[in-house]
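This briefing goes through one protein chain, topic by topic. Please look over the sequence and the structure before reading the points below.

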Amino acid sequence: MSAPTTAGGSSPATPGRVEELRAALARTTARTAEAARAAGRDPAGLHLVVVTKFFPASDVRALAGLGVRAVGESRDQEASAKVDELTAPGSAVDLEWHFIGQLQTNKAASVVRYADVVHSVDRLRLVRALDRGAEAAARTVDCFVQVDLAAALGRTQGDGRGGAAGADVEAVADAVAGSGHLRLRGVMAVAPQGVEPAAAFEALAALAARVRGSHPTAVDLSAGMSGDLEQAVAVGATHLRVGGAILGTRPAAG
Ligand SMILES: *Cc1c(COP(=O)(O)O)cnc(C)c1O
(Lines give C-alpha, C1' and ligand atoms only; values in the text may rest on other atoms or scores of the structure.)
Protein backbone atom coordinates (compact mmCIF):
# COMPACT_ATOMS: atom_id res chain seq x y z
CA MET A 1 0.00 0.00 0.00
CA SER A 2 1.48 3.33 -0.97
CA ALA A 3 1.24 6.49 1.09
CA PRO A 4 -1.03 9.27 -0.13
CA THR A 5 0.67 11.94 -2.20
CA THR A 6 0.36 15.70 -1.69
CA ALA A 7 -0.37 18.00 -4.61
CA GLY A 8 3.29 19.04 -4.56
CA GLY A 9 4.55 15.54 -5.28
CA SER A 10 6.18 13.55 -2.50
CA SER A 11 4.46 11.55 0.24
CA PRO A 12 3.73 13.41 3.47
CA ALA A 13 5.73 12.75 6.61
CA THR A 14 4.33 9.85 8.63
CA PRO A 15 2.53 10.67 11.90
CA GLY A 16 5.49 9.14 13.74
CA ARG A 17 7.92 11.45 11.97
CA VAL A 18 5.74 14.49 12.70
CA GLU A 19 5.73 13.57 16.41
CA GLU A 20 9.51 13.11 16.35
CA LEU A 21 9.95 16.56 14.80
CA ARG A 22 7.49 18.12 17.23
CA ALA A 23 9.38 16.74 20.24
CA ALA A 24 12.79 17.75 18.86
CA LEU A 25 11.53 21.26 18.10
CA ALA A 26 10.18 21.58 21.63
CA ARG A 27 13.55 20.48 23.05
CA THR A 28 15.39 23.00 20.88
CA THR A 29 13.01 25.80 21.78
CA ALA A 30 13.52 25.01 25.47
CA ARG A 31 17.29 25.02 24.91
CA THR A 32 17.27 28.40 23.19
CA ALA A 33 14.97 29.85 25.86
CA GLU A 34 17.37 28.64 28.56
CA ALA A 35 20.36 30.03 26.63
CA ALA A 36 18.59 33.38 26.34
CA ARG A 37 17.81 33.39 30.05
CA ALA A 38 21.43 32.53 30.92
CA ALA A 39 22.62 35.39 28.70
CA GLY A 40 20.05 37.84 30.04
CA ARG A 41 18.50 38.18 26.58
CA ASP A 42 14.92 38.30 25.34
CA PRO A 43 14.18 34.98 23.56
CA ALA A 44 12.12 36.99 21.05
CA GLY A 45 15.44 38.23 19.65
CA LEU A 46 16.45 34.70 18.63
CA HIS A 47 15.40 33.42 15.22
CA LEU A 48 15.53 29.71 14.61
CA VAL A 49 16.52 28.65 11.09
CA VAL A 50 15.90 24.92 10.85
CA VAL A 51 18.54 23.42 8.56
CA THR A 52 16.78 20.85 6.37
CA LYS A 53 19.59 19.94 3.94
CA PHE A 54 19.58 16.26 2.98
CA PHE A 55 16.07 15.80 4.41
CA PRO A 56 13.00 15.48 2.19
CA ALA A 57 10.48 18.17 1.32
CA SER A 58 7.95 16.23 3.41
CA ASP A 59 9.96 17.08 6.53
CA VAL A 60 10.05 20.75 5.54
CA ARG A 61 6.27 20.72 5.07
CA ALA A 62 5.80 19.02 8.44
CA LEU A 63 8.05 21.61 10.12
CA ALA A 64 6.00 24.43 8.59
CA GLY A 65 2.90 22.76 10.02
CA LEU A 66 4.57 22.73 13.43
CA GLY A 67 5.11 26.48 13.34
CA VAL A 68 8.62 26.73 11.89
CA ARG A 69 8.98 30.00 9.96
CA ALA A 70 12.48 29.70 8.46
CA VAL A 71 14.45 26.85 6.93
CA GLY A 72 18.05 26.67 5.74
CA GLU A 73 19.47 24.81 2.75
CA SER A 74 23.04 24.50 1.52
CA ARG A 75 22.88 23.24 -2.08
CA ASP A 76 21.11 25.04 -4.89
CA GLN A 77 19.86 21.98 -6.76
CA GLU A 78 18.37 20.38 -3.67
CA ALA A 79 16.92 23.66 -2.40
CA SER A 80 15.33 24.56 -5.76
CA ALA A 81 13.59 21.20 -5.95
CA LYS A 82 12.14 21.61 -2.44
CA VAL A 83 11.07 25.19 -3.11
CA ASP A 84 9.32 24.09 -6.32
CA GLU A 85 7.46 21.36 -4.49
CA LEU A 86 6.56 23.52 -1.49
CA THR A 87 5.40 26.56 -3.43
CA ALA A 88 3.21 24.62 -5.87
CA PRO A 89 -0.21 26.22 -6.24
CA GLY A 90 -2.74 24.67 -3.91
CA SER A 91 -0.20 23.22 -1.50
CA ALA A 92 2.18 26.11 -0.84
CA VAL A 93 3.68 26.58 2.62
CA ASP A 94 4.64 29.94 4.04
CA LEU A 95 8.36 29.80 4.81
CA GLU A 96 11.41 32.01 4.72
CA TRP A 97 14.18 30.28 2.74
CA HIS A 98 17.73 30.80 3.97
CA PHE A 99 20.70 29.75 1.85
CA ILE A 100 23.57 28.83 4.18
CA GLY A 101 26.04 26.80 2.08
CA GLN A 102 29.09 27.70 0.09
CA LEU A 103 27.85 29.32 -3.07
CA GLN A 104 29.41 29.18 -6.52
CA THR A 105 29.13 32.44 -8.42
CA ASN A 106 27.35 30.70 -11.30
CA LYS A 107 24.59 29.54 -8.94
CA ALA A 108 23.91 32.99 -7.50
CA ALA A 109 21.19 33.93 -9.98
CA SER A 110 19.33 30.69 -9.26
CA VAL A 111 19.59 31.05 -5.48
CA VAL A 112 18.26 34.61 -5.35
CA ARG A 113 15.10 33.50 -7.14
CA TYR A 114 13.95 31.67 -3.99
CA ALA A 115 16.25 32.65 -1.12
CA ASP A 116 15.03 35.41 1.15
CA VAL A 117 18.34 35.44 3.00
CA VAL A 118 21.84 34.33 1.94
CA HIS A 119 24.18 33.65 4.90
CA SER A 120 27.30 32.72 2.93
CA VAL A 121 28.37 35.88 1.09
CA ASP A 122 32.15 35.85 1.24
CA ARG A 123 33.67 37.52 -1.82
CA LEU A 124 33.16 40.52 -4.08
CA ARG A 125 32.49 38.51 -7.23
CA LEU A 126 29.66 36.73 -5.43
CA VAL A 127 28.22 40.05 -4.23
CA ARG A 128 28.06 41.29 -7.82
CA ALA A 129 26.49 38.05 -9.06
CA LEU A 130 23.87 38.06 -6.30
CA ASP A 131 23.00 41.70 -6.93
CA ARG A 132 22.65 41.17 -10.68
CA GLY A 133 20.54 38.06 -10.09
CA ALA A 134 18.33 39.80 -7.56
CA GLU A 135 17.82 42.70 -9.95
CA ALA A 136 16.85 40.29 -12.75
CA ALA A 137 14.40 38.57 -10.39
CA ALA A 138 13.08 41.98 -9.22
CA ARG A 139 13.80 41.07 -5.60
CA THR A 140 15.79 42.40 -2.68
CA VAL A 141 17.77 39.72 -0.86
CA ASP A 142 19.07 39.92 2.71
CA CYS A 143 22.72 38.96 3.15
CA PHE A 144 25.11 37.96 5.89
CA VAL A 145 28.84 38.22 5.25
CA GLN A 146 30.37 34.86 6.10
CA VAL A 147 33.56 35.15 8.10
CA ASP A 148 36.37 32.58 8.16
CA LEU A 149 36.93 32.31 11.90
CA ALA A 150 39.88 29.95 11.51
CA ALA A 151 41.69 32.79 9.76
CA ALA A 152 40.42 35.36 12.28
CA LEU A 153 41.87 33.21 15.06
CA GLY A 154 45.25 33.18 13.36
CA ARG A 155 45.12 29.59 12.14
CA THR A 156 46.99 29.31 8.87
CA GLN A 157 44.87 26.41 7.72
CA GLY A 158 41.23 27.32 7.09
CA ASP A 159 38.75 24.45 7.32
CA GLY A 160 37.41 24.82 3.82
CA ARG A 161 33.99 26.06 4.86
CA GLY A 162 34.40 29.40 3.12
CA GLY A 163 34.26 32.85 4.58
CA ALA A 164 36.03 36.16 4.15
CA ALA A 165 39.11 36.94 6.18
CA GLY A 166 40.95 40.07 7.27
CA ALA A 167 40.15 43.29 5.47
CA ASP A 168 37.95 41.36 3.02
CA VAL A 169 35.24 41.10 5.68
CA GLU A 170 34.65 44.83 5.64
CA ALA A 171 35.17 45.10 1.87
CA VAL A 172 32.47 42.48 1.26
CA ALA A 173 30.16 44.13 3.80
CA ASP A 174 30.65 47.52 2.11
CA ALA A 175 29.92 45.96 -1.28
CA VAL A 176 26.70 44.32 -0.05
CA ALA A 177 25.56 47.56 1.59
CA GLY A 178 26.30 49.43 -1.64
CA SER A 179 24.33 47.00 -3.85
CA GLY A 180 20.92 48.12 -5.01
CA HIS A 181 19.21 44.74 -4.58
CA LEU A 182 20.97 43.38 -1.49
CA ARG A 183 20.50 44.31 2.16
CA LEU A 184 23.28 43.82 4.71
CA ARG A 185 22.00 42.04 7.83
CA GLY A 186 25.30 41.31 9.61
CA VAL A 187 27.96 38.61 9.75
CA MET A 188 27.79 34.81 9.90
CA ALA A 189 30.24 32.08 10.86
CA VAL A 190 30.69 28.43 11.65
CA ALA A 191 32.91 27.72 14.66
CA PRO A 192 36.06 26.03 13.32
CA GLN A 193 36.88 22.49 14.38
CA GLY A 194 39.34 22.19 17.23
CA VAL A 195 38.56 25.61 18.71
CA GLU A 196 36.38 26.28 21.75
CA PRO A 197 33.12 27.65 20.29
CA ALA A 198 33.05 30.34 23.00
CA ALA A 199 36.46 31.67 21.90
CA ALA A 200 35.52 31.45 18.22
CA PHE A 201 32.26 33.33 18.75
CA GLU A 202 33.99 36.06 20.78
CA ALA A 203 36.20 36.70 17.76
CA LEU A 204 33.07 36.76 15.61
CA ALA A 205 31.36 39.25 17.92
CA ALA A 206 34.39 41.55 17.67
CA LEU A 207 34.24 41.39 13.86
CA ALA A 208 30.49 41.99 13.96
CA ALA A 209 31.06 45.11 16.06
CA ARG A 210 33.58 46.40 13.52
CA VAL A 211 31.17 45.90 10.62
CA ARG A 212 28.42 47.57 12.64
CA GLY A 213 30.73 50.58 13.10
CA SER A 214 30.35 51.38 9.40
CA HIS A 215 26.90 49.81 8.92
CA PRO A 216 24.78 50.55 12.01
CA THR A 217 21.73 48.72 10.67
CA ALA A 218 23.65 45.43 10.24
CA VAL A 219 22.59 44.28 13.69
CA ASP A 220 22.04 40.57 13.06
CA LEU A 221 24.47 37.78 13.85
CA SER A 222 24.13 34.32 12.31
CA ALA A 223 25.91 31.84 14.57
CA GLY A 224 25.20 28.73 16.55
CA MET A 225 24.36 25.21 15.37
CA SER A 226 23.15 22.07 17.15
CA GLY A 227 26.36 21.68 19.12
CA ASP A 228 27.14 25.25 20.08
CA LEU A 229 24.00 27.37 20.10
CA GLU A 230 24.40 28.29 23.80
CA GLN A 231 27.84 29.80 23.19
CA ALA A 232 26.49 31.71 20.19
CA VAL A 233 23.54 33.11 22.14
CA ALA A 234 25.99 34.22 24.85
CA VAL A 235 27.78 36.53 22.38
CA GLY A 236 24.60 37.93 20.82
CA ALA A 237 23.62 35.56 17.99
CA THR A 238 20.25 36.44 16.45
CA HIS A 239 19.95 33.64 13.86
CA LEU A 240 20.58 30.07 15.03
CA ARG A 241 21.06 27.52 12.25
CA VAL A 242 20.03 24.21 13.75
CA GLY A 243 19.87 20.97 11.79
CA GLY A 244 20.74 17.70 13.50
CA ALA A 245 19.20 18.53 16.86
CA ILE A 246 15.81 18.81 15.15
CA LEU A 247 15.92 16.52 12.12
CA GLY A 248 18.25 13.85 13.42
CA THR A 249 21.42 12.47 11.89
CA ARG A 250 21.79 13.54 8.28
CA PRO A 251 21.56 10.74 5.70
CA ALA A 252 24.86 11.97 4.15
CA ALA A 253 27.75 14.19 5.23
CA GLY A 254 27.21 17.89 4.84
C1 LIG B 1 24.69 21.99 8.19
C2 LIG B 1 24.89 23.37 8.67
C3 LIG B 1 24.29 23.81 9.87
C4 LIG B 1 23.50 22.91 10.80
O5 LIG B 1 24.39 22.13 11.54
P6 LIG B 1 23.87 21.12 12.69
O7 LIG B 1 25.12 20.76 13.39
O8 LIG B 1 23.22 19.99 12.00
O9 LIG B 1 22.93 21.87 13.55
C10 LIG B 1 24.44 25.14 10.22
N11 LIG B 1 25.17 25.99 9.45
C12 LIG B 1 25.76 25.62 8.31
C13 LIG B 1 26.54 26.60 7.51
C14 LIG B 1 25.65 24.29 7.89
O15 LIG B 1 26.26 23.91 6.75
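Of the 254 residues of the protein chain, 49% count as buried. The model is a predicted one.

**Overall dimensions and contacts**

- Taken along the principal axes, the C-alpha atoms of the protein chain fill a box of roughly 60 × 45 × 35 Å.
- Among contacts between residues at least 6 apart in sequence, 66% join residues at least 24 apart.

**The largest nonpolar core**

- The largest nonpolar core has 70 residues, and those that touch the most other members are Val 118, Leu 130, Leu 149 and Leu 204.
- Helix α8, which covers residues 197-214, gives the most to this core, with seven residues.
- Leu 204 is in contact with Val 147, Leu 149, Val 187, Met 188, Ala 189, Leu 221 and Ala 223, if its neighbours within four places in sequence are left aside.

- Two or more lining residues come from each of α1 (15-39), β1 (47-51), β3 (96-99) and β8 (239-242).
- Helix α1 provides the largest share of the lining, five residues.
- Sorted by class, the lining has nine nonpolar, seven polar and two charged residues.

**Val 50, a buried strand residue**

- Val 50 is part of strand β1, an element that also contributes to the lining of the second largest pocket.
- Its relative accessibility is 0%, so Val 50 counts as buried, the cut-off being under 20%.
- Not counting residues up to four places away in sequence, Val 50 touches Leu 25, Leu 63, Val 68, Ala 70, Val 71, Gly 72, Val 242, Ile 246 and Leu 247.
- One of these, Gly 72, is 22 residues from Val 50 in sequence and 5.8 Å from it in space, C-alpha to C-alpha.

**Asp 94, an exposed loop residue**

- Asp 94 sits in the loop between α3 (76-86) and β3.
- Its relative accessibility is 61%, and because the cut-off for exposed is over 50%, Asp 94 counts as exposed.
- Between Asp 94 and Val 172 there are 78 places in sequence and 31 Å in space, C-alpha to C-alpha.

- Phe 54 is not a glycine, yet its phi is positive, at about 75°.
- The loop between β1 and α2 (57-65) contains Phe 54.
- Ala 138, likewise a residue other than glycine, has a positive phi near 55°.
- The loop that holds Ala 138 runs between α5 (124-136) and β5 (141-146).
- With a relative accessible area of 68%, Ala 138 is over the 50% cut-off and so is exposed.

Terms used
Residues are numbered from 1 along each chain as its sequence is written. This is a predicted model: local features need pLDDT of at least 70, side-chain atom pairs count only at pLDDT 80 or more; totals for chains, interfaces and linings use all residues. Side-chain values use heavy atoms; hydrogens and water are left out. A nonpolar core is a set of buried Ala, Val, Leu, Ile, Met, Phe, Trp, Tyr and Cys residues joined through side-chain atoms within 4.5 Å. Buried means under 20% relative accessible area, exposed over 50%, partly exposed in between (1.4 Å probe, protein chains only). Helices (H or I, at least four residues) and strands (E, at least two) are DSSP runs, numbered from the N terminus. Contact means heavy atoms within 4.5 Å. Ala, Val, Leu, Ile, Met, Phe, Trp, Tyr, Cys and Pro count as nonpolar, Asp, Glu, Lys and Arg as charged, and the others, Gly among them, as polar.
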